[in-house]
Amino acid sequence: MEISAVLIVAIVVLLIGISKSAFAGALGVFAVPLLMIKFSAIEAIGLMLPLLIIADVMTVKGFWKLWDSALLKSLIPGALIGIVTANLLIDIINADDLRFIIALICIVFALKNILFKQIQLHMLNNKVGAYIMSGLSGISSTLVHAGGPPLIIYFSAIGLAPSKFVATAAIFFAFMNLVKLIGFISLGFLTTDLVLTALTFIPLAFVGHWLGIKINNNLDKVMFLKIMNYLLLVLGGWLIFTSA
């Protein structure tokens, strides 16, 4: 592998580790475009999944039993429905249109929280809200590799504390990535070389995970949610840019 490719993968591994342990995977949407600088789209997507699973294992272990079990029971069914729906409608749904819609939702939600904090989205703070947002996360994760924003919007709306926010997201995305692994193997996206490449970067993944935990531990709930809102704003802008 070229030195430039090694550097790109190293940056992505650090980004994923920090993102998952500090910000519930909010920065993960930038990873595939970065990998595509040196890899084909199929190779980038194929390499991304084992890198995510490695980070999932570390994040779940780092935030062990800090997740909201009751909330997860509401999220998993919606995610499964979303993944199945996405696979059934993969030839019908326009990925760019979906990316644009998610981007607009991110921007509106972020601006609402930044400029109009007094407005509360009580409609999301129930099981129906959990089903809808986890379903949208399943669809967007499968079709456009952007499952984070819908879940981040939901967790921000119900005001989860930083550790519970990250821990619950870690379990949720670990589950989704394992489900996606089945499809990736059947489609031939995963090769032995890609898996071995991902495993090679495990030491660096530990560094990213450690940095993410340090960042998360030094953020109180108010600052954490504020950062998440600005990240959603950036994510929305990025998704619109990439769907153009």
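## Aromatic pairs

In this predicted model, W64 has a relative accessible area of 52% and is therefore classed as exposed, the cut-off being over 50%. The structure contains 4 aromatic pairs. One of them joins W64 to W67: the ring centres are 5.1 Å apart and the planes stand at 90°, so the arrangement is edge-to-face. W67 has a relative accessibility of 17% and counts as buried, because the limit for that class is under 20%. The W64–W67 pair thus brings together an exposed residue and a buried one.

A further aromatic pair is formed by Y154 and F155; here the centres are 6.0 Å apart, the angle between the planes is 50°, and the pair is tilted. Both partners are buried: Y154 has a relative accessible area of 3%, and F155 has one of 0%. Ring pairs also bring in F165, so that Y154, F155 and F165 are linked into a cluster.

Helix 7 spans residues 148–158. Of its 11 residues, 10 are buried, and the helix is therefore largely enclosed by the rest of the structure. The buried positions are G148, P149, P150, L151, I152, I153, Y154, F155, S156 and A157. Just after this helix, G159 adopts a positive phi of about 70°.

Which residues surround F155, once its neighbours within four places in sequence are left aside? F155 is in contact with L71, L75, L160, F165, T168 and A169.

## Nonpolar cores

How many residues make up the largest nonpolar core, and which of them have the most contacts inside it? This core has 53 residues, and those with the most contacts within it are F23, F155 and F165. At least two core residues come from each of helix 1 (3–23), helix 4, helix 5, helix 6, helix 7, helix 8 and helix 11. Helix 8 supplies the largest share, with 9 residues. A separate core of 23 residues lies apart from this one, and its members include A5, I16, M58 and F201.

S137 is located in helix 6, which covers residues 127–144. Its relative accessible area is 0%, and S137 is accordingly buried. Apart from residues within four places in sequence, S137 is in contact with G147, P150, L151, F172, F173 and M176. Two of these contacts, P150 and L151, are among the buried residues of helix 7.

N177 lies in helix 8, residues 162–187. With a relative accessible area of 4%, N177 is also buried. Its contacts beyond four places in sequence are K20, L49, L52, I53 and D56.

## W238 in helix 11

W238 belongs to helix 11, which runs over residues 221–243. Is this residue buried, exposed or partly exposed? W238 is partly exposed, with a relative accessible area of 26%; this value falls between the cut-offs of 20% for buried and 50% for exposed.

When residues up to four places away in sequence are not counted, W238 touches V29, F30 and P33. R99 is 139 residues away from W238 along the chain, yet their C-alpha atoms are separated by 9.8 Å.

## Exposed positions and a surface patch

V84, L88, L89 and I92 make a nonpolar surface patch of about 410 Å². Where does I92 lie? I92 is in the loop between helix 4 (69–88) and helix 5 (95–115). Its relative accessibility is 68%, and I92 therefore counts as exposed.

N217 is part of helix 10, residues 202–217. N217 likewise counts as exposed, at 56% relative accessibility. The C-alpha atom of N217 is separated by 31 Å from that of T142, and the two residues are 75 residues apart along the chain.

How values were computed. Residues numbered from 1 in each chain as written. Predicted model: local features only at pLDDT ≥ 70, side-chain atom pairs only at ≥ 80, totals over all residues. Heavy atoms only, no water. Phe/Tyr/Trp six-rings, centres within 6.5 Å; stacked < 30°, edge-to-face > 60°. Buried < 20%, exposed > 50% of the residue type's maximum accessible area, 1.4 Å probe, protein only. Helix = DSSP H or I, 4+ residues; strand = E, 2+ residues; numbered from the N terminus. Patch = residues over 30% accessible without salt bridge, like charges linked within 9 Å, V, L, I, M, F, W, Y side chains within 5 Å. Areas by Shrake-Rupley, 256 points an atom, 1.4 Å probe, with all protein chains shown as cover. Salt bridge = Lys/Arg side-chain N within 4 Å of Asp/Glu carboxyl O. Contact = heavy atoms within 4.5 Å. Core = buried A, V, L, I, M, F, W, Y, C linked by side-chain atoms within 4.5 Å.
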